Amino acid sequence: MKPLTFSLFFACGVLFISACKLDKPVFPKSTTSTGTTDTGSGSGTGTGTTTSGEYYFKGTIDGQSINWQVTDNVSGWVTGSNSGGSVDKGVYTGSLEALLSAADVSQPQLGIQFETFNIDYIQNDEPAYFNSFVNTGAWTYTASSNDIVAGKKSLEVNYADSKGNAYTSVGVQTSSTVTVLSVTPVPAELGINESLKIKLQFSCKLYPASGSGNALTVTNAEATVRLEDLIIQ
């Protein structure tokens with residue numbers, strides 16, 4: 001999991017930028033249903049009546065059912081976005097990550113990170129580039145930290161449990177799949193840049209970011225996330 005901090009430094013003429021922000025409240029149309037839902041405490045399970053939100057994450061992690069529903073984007077579960085990369089001579093190379101987090105404490109947290117954009121601000125129209133960056137269909141998982149190549153598209157799943165233990169899909173993903181089902185542009189709102197509403201299904205192994213401990217198995221996962229345009233201009 002990449003740290004959600006703001007950092008800015010120069011090195012050898014290259015500007016590195018990392019930014020993270022939580023979206024302001026987005027009040028979706030919703031319906032009431034009965035079933036299994038997260039309590040918001042980070043336990044991952046609970047039983048009762050829930051309001052089904054526009055953005056969500058559901059599935060199974062190591063046999064434990066997960067159902068995170070963003071309702072008012074203030075309490076319970078909230079959306080956010082993260083970005084990181086470097087700028088060299090007007091060319092920005094990096095990644096964009098959509099986040100779903102427990103409100104206030106930001107853990108547990110799911111991150112869907114899309115790699116790798118490579119935009120020349122002189123030659124490319126940035127809004128058009130952003131809107132075409134994520135395409136529907138099958139994606140490949142990022143195999144290693146050395147697999148991040150400008151213009152090569154791949155995807156990472158990042159996860160933090162309720163204790164803050166970080167996991168990543170970077171590693172061996174035999175028989176794992178990830179498919180982007182739909183991508184819908186979302187107009188800019190007050191305090192929020194233009195975004196993409198992305199629905200995807202996936203299964204994968206999540207490896208401890210610390211390098212020690214057991215991997216987690218994610219099955220039958222589905223999420224709809226909000227990816228904000230944090231490509232700098």
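A search of the whole structure, which is a predicted model, finds 8 aromatic pairs.

**Stacked pair: Phe57 and Phe202**
- The rings of Phe57 and Phe202 form a stacked aromatic pair, with 6.1 Å centre to centre and 10° between the planes.
- This pair links distant parts of the chain: Phe57 belongs to strand β5 (residues 55-61) and Phe202 to strand β14 (residues 195-208), 145 residues apart.
- Phe57 has a relative accessible area of 2% and therefore counts as buried, the cut-off being under 20%.
- Phe202 is likewise buried, at 4% relative accessibility.

**Edge-to-face pair: Tyr92 and Phe117**
- Tyr92 and Phe117 form an edge-to-face aromatic pair, with 4.9 Å centre to centre and 70° between the planes.
- Distant parts of the chain are linked here too: Tyr92 lies in strand β8 (residues 91-102) and Phe117 in strand β9 (residues 109-120), 25 residues apart.
- Both Tyr92 and Phe117 are buried.

**Aromatic cluster**
- Phe57 and Phe202 also belong to a cluster, in which ring pairs link them with Trp68 and Trp77.

**Overall architecture**
- The secondary structure of the protein consists of 1 helix and 15 strands.
- Of the 233 residues in the protein, 46% are buried.
- Among contacts between residues at least 6 apart in sequence, 60% join residues at least 24 apart.
- The protein has an accessible surface of about 10900 Å², and carbon and sulfur atoms account for 53% of that surface.

Technical notes. Residues are numbered from 1 along each chain as its sequence is written. This is a predicted model: local features need pLDDT of at least 70, side-chain atom pairs count only at pLDDT 80 or more; totals for chains, interfaces and linings use all residues. Side-chain values use heavy atoms; hydrogens and water are left out. Rings of Phe, Tyr and Trp (its six-membered ring) pair if their centres lie within 6.5 Å; planes under 30 degrees apart count as stacked, over 60 as edge-to-face and the rest as tilted. Helices (H or I, at least four residues) and strands (E, at least two) are DSSP runs, numbered from the N terminus. Buried means under 20% relative accessible area, exposed over 50%, partly exposed in between (1.4 Å probe, protein chains only). Contact means heavy atoms within 4.5 Å. Accessible areas come from the Shrake-Rupley method with a 1.4 Å probe; for residues, only the protein chains shown count as cover.
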